[in-house]
Amino acid sequence: MTCAAIIVAAGSGSRARRTSDTVAKQYLEIGGKAVLLRTLEQFLANDQVERIQVVIGPEDDTLYSAAIAPALSGPLATHAQAKLLPPVYGGDTRQISVLNGLEAIKMEDPHYVLIHDAARPFITDTILARCLASLKEHKACLVATPVTDTIKKVNAEGAILETIDRSTLWSAQTPQAFDYPFILQAHEKAFSQKLHNFTDDASVAEWVGEPVHIVEGSPSNRKLTSQEDLTMAETMINPTAPHPLTDIRVGTGYDVHAFDEGEAVIIGGIAIPHSHKLKGHSDADVGLHAITDAILGAIADGDIGTHFPPSDPQWKGAASDLFLKDAMRRVTERGGKLSNIDMTIICEAPKIGPHRPAMRASIAQICQISIDRVSVKATTSERLGFTGRKEGIAALATATVRLPEQDD
Ligand code: CTP
Ligand code: MG
């Protein structure tokens, strides 16, 4: 047995977490496949790597099994059966997770070990081959890329202290490749001296005085650290995929119209026979007005009066679906989607209940969303206030809109 790989996947991925994420980044899917699985597949497919030890969080057994399941049944199944060792648990720091992985493969007695971050799924066979070639001559090798940005040293106030000569600077990546007995001993020594926070394994080798040799990496072998990295990774895998709509916005709308002489009120696009009509510049659809404002509120794009001033004669008698369609157009232009609408109509009369299904269908149709995303409720105000005195009708609405993430 000559070469083993350790894939560390025991981190919590705190910097990459969106509020909606319940799992760490290595278990998130990019391009429909878990990050950890993508990483693992590269090592399974490499002929020179004979054993693979994944290091996971102590609570992640189920997540791990689910993530790697496709590798056990797909084209790499025979490789997986031959190479993949049962996972072991990591520790509080990456350094301890690596040490646990190194200890776990003692029985395998490898000559070499490649230590790799699960969060670097774009590792290629070319880089693995470079590492393995370099190990023939060096005890410690580090995949790295030359720094391309100009680097500044900055003080606590954000003022630049100096520009550092970047010609000698490299960014460390993984794999970091070692003579196995050497790196095991170096890690054990660091741990025994209560040093637990080396952020990579080359630092541990440097600490014991071993020269570390640079192996050329690639900018695409990036570590997925932030949410932006995950979005970029998705685009790398699937350049035409739409951005996920994870920016959730909520808006509220409120409207009131007074009764006037007439025979029907229009609410939610439905005419309801009544002893009065609603007074207004347009068709006075108090429900659609509240919904329109809720949607505009969610995308912070003014209100109905901003876009359709009552002073403008062209909106006289206008059917209010026009206003709502315009708000929906604004959502679509932002690449967003309307998730749901919840409306409450406040009046003593007419009775709303019998018209609720028609109203929901009408609103769903105007907004081009399914009816189960539209809720219409009604209440009286116990004869209190203007609605209680039957002077008019009020409507409240809430809308949830999902927008693509944007850089703030
Ligand atoms: N890692 C680990 N054990 C730890 C910490 C990190 O196995 N205690 C692993 C991560 O799962 C990741 C790699 O080390 O694959 C690189 O670490 P990093 O990118 O910092 O990941 P996290 O520590 O999970 O993320 P964060 O620092 O944002 O919380
Ligand atoms: Mg970390």
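Where does ligand 1 sit? In this predicted model, for which local features need pLDDT of at least 70, side-chain atom pairs count only at pLDDT 80 or more and totals for chains, interfaces and linings use all residues, ligand 1 sits in the largest pocket. Residues are numbered from 1 along each chain as its sequence is written, chains are lettered from A and ligands numbered from 1 in the order in which they are written, and side-chain values use heavy atoms, with hydrogens and water left out. A pocket is an open set of points on a 1 Å grid over the protein atoms alone, where a 1.4 Å probe fits, with protein on both sides within 12 Å along at least five of seven lines; a molecule sits in it if more than half of its atoms lie within 2 Å of its grid points.

Around ligand 1 there are 19 residues, of which Gly13, Ser14, Arg15, Ser97 and Lys223 come nearest (a residue is near if one of its heavy atoms lies within 4 Å). This shell divides into 5 nonpolar, 8 polar and 6 charged residues, with Gly counted as polar. Strand S1 (3-9) and helix H4 (94-104) each supply at least two residues of the shell, the elements being DSSP runs of at least two residues for strands and at least four for helices.

Oxygen atoms of ligand 1 lie 2.8 Å from a polar backbone atom of Val8 and 2.8 Å from an N or O atom in the side chain of Arg15, while a nitrogen atom of the ligand is 2.9 Å from a backbone N or O atom of Gly91. The protein covers 88% of the 560 Å² of accessible area that ligand 1 has on its own (Shrake-Rupley method, 1.4 Å probe).

Conventions:
A polar contact is a pair of N or O atoms within 3.5 Å; within protein, one must be able to donate a hydrogen and the other to accept it, and residues adjacent in sequence count only if both atoms are side-chain atoms. On a 1 Å grid over the protein atoms alone, a cavity is a set of points where a 1.4 Å probe fits but cannot get out, and a pocket is an open set with protein on both sides within 12 Å along at least five of seven lines; lining residues have an atom within 4 Å of a point.
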